[in-house]
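This note sets out some points to consider while looking through the model below. Please read each one beside the structure.

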Amino acid sequence: MSASAPLLNTENRFPEPITVYWAMFSISVLAFMLRPVVGTSSPTLSEALQIMSLVTCGFSWLYARTLFRHRAANEWWPEMLVLALFVSCFTLHIGPSGPTPGSVFAYTEQIQRLLGSVMLALPLIESIEGGTRSETEKRFRRTFRVAFGSIIAVSLFANIPALLPWQVLIQCTLASIALVGATLAWRFRLQHPLSGRRRSAGARIVSAEALELRDYLQTQRPYLNPELRVSDLAGALDQPEYRVSQWIVDELGHRNFNQLVNHYRLQHAKSRLADTQAVKTPILTIALESGFGSIGPFNRAFKAQTGLTPSAYRKQALFASNEPPQLTQ
């Protein structure tokens, strides 16, 4: 997936769950940050912002769940729990100040504090689960734990009496950092989906590790090296050879390593053959540049994939571009 990953699920045109919860968390954080700015200048707006930021910790947990685990079908209990937290917070918000012991507001306050404290720690727990093998995923989870844990620690430290005059400034600064971090995490997950996520109905399951292999092939283009071996890919990804071979066959859909490499080499060759700036480049040169050791295997592989010889493909591609060239065989 590219850096400009879509916000919508292309199967049903609804936003991805991770986008929904990222938006909810972001709105809640922004409301928390804006309330001190509004102050008493607009009581109605200030009240609305306070209500919008009542369950920021709950939204952070729901967002973390979408970052680090797959949602089970008909699993709504997390949302119900956050809703219960919101109801308890809202009840306290509209209730009398300083509820007397034993009153319904006193019990509601205890429930709210308990749920809020638990949900504050749950994102850290969510990031620990998974058992992923991908180094990229491991680094992402470690970074999340360090960043989120640091924000929580500093926010608790800000409650000491000596820092109370700067508490609002500290909290808003931490909220800004959390918002930026949440957005970066959202973009990362769109580009690196969780292992086992299905791309479409009936599609092959492609893990994050296999996607990392595909990204490495597309960005680093190791297939241009005619001496490339499975061991080279395994070494570059710090993975066992058997696992890389499994990803190639079971997840990327190629019969074997050679077919995978030839696929990318032929894509590169077709791009060069259709390039109007490479009209005078000999086909042998393009074959060698694409990672083939000689012209014979290149011609056979090219015709097997396209049904055309390289020279016929070049003529067809350049004719389609309306620029008839002088061709060099």
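1. The count of aromatic pairs comes to 11; here, rings of Phe, Tyr and Trp (its six-membered ring) pair if their centres lie within 6.5 Å, and planes under 30 degrees apart count as stacked, over 60 as edge-to-face and the rest as tilted. One of them is the stacked pair of W22 and W186, with 4.2 Å centre to centre and 5 degrees between the planes. Because W22 lies in helix α1 (residues 17-38) and W186 in helix α7, this pair ties together parts that are 164 residues apart in sequence. Both W22 and W186 are buried (buried means under 20% relative accessible area, exposed over 50%, partly exposed in between, with a 1.4 Å probe and protein chains only).

2. F25 and Y63 form a stacked aromatic pair, at 6.2 Å centre to centre and 10 degrees between the planes. F25 belongs to helix α1 and Y63 to helix α3 (residues 56-68), so parts 38 residues apart in sequence are tied together. F25 counts as buried at 8% relative accessibility, and Y63 is buried with a relative accessible area of 3%. Separately, F68, F140, F144, F148 and F188 form one aromatic cluster.

3. The model is predicted: local features need pLDDT of at least 70 and side-chain atom pairs count only at pLDDT 80 or more, while totals for chains, interfaces and linings use all residues. Residues are numbered from 1 along each chain as its sequence is written, and side-chain values use heavy atoms, with hydrogens and water left out.

4. The secondary structure comprises 14 helices and zero strands; helices (H or I, at least four residues) and strands (E, at least two) are DSSP runs, numbered from the N terminus. Of the 329 residues, 38% count as buried. Among contacts (heavy atoms within 4.5 Å) between residues at least 6 apart in sequence, 62% join residues at least 24 apart.

5. S207 is situated in the loop between α7 (167-191) and α8 (208-220). What does the side chain of S207 make a polar contact with? Its partner is the side chain of E209, at 3.2 Å; a polar contact is a pair of N or O atoms within 3.5 Å, and within protein, one must be able to donate a hydrogen and the other to accept it, while residues adjacent in sequence count only if both atoms are side-chain atoms. S207 counts as buried, at 8% relative accessibility.
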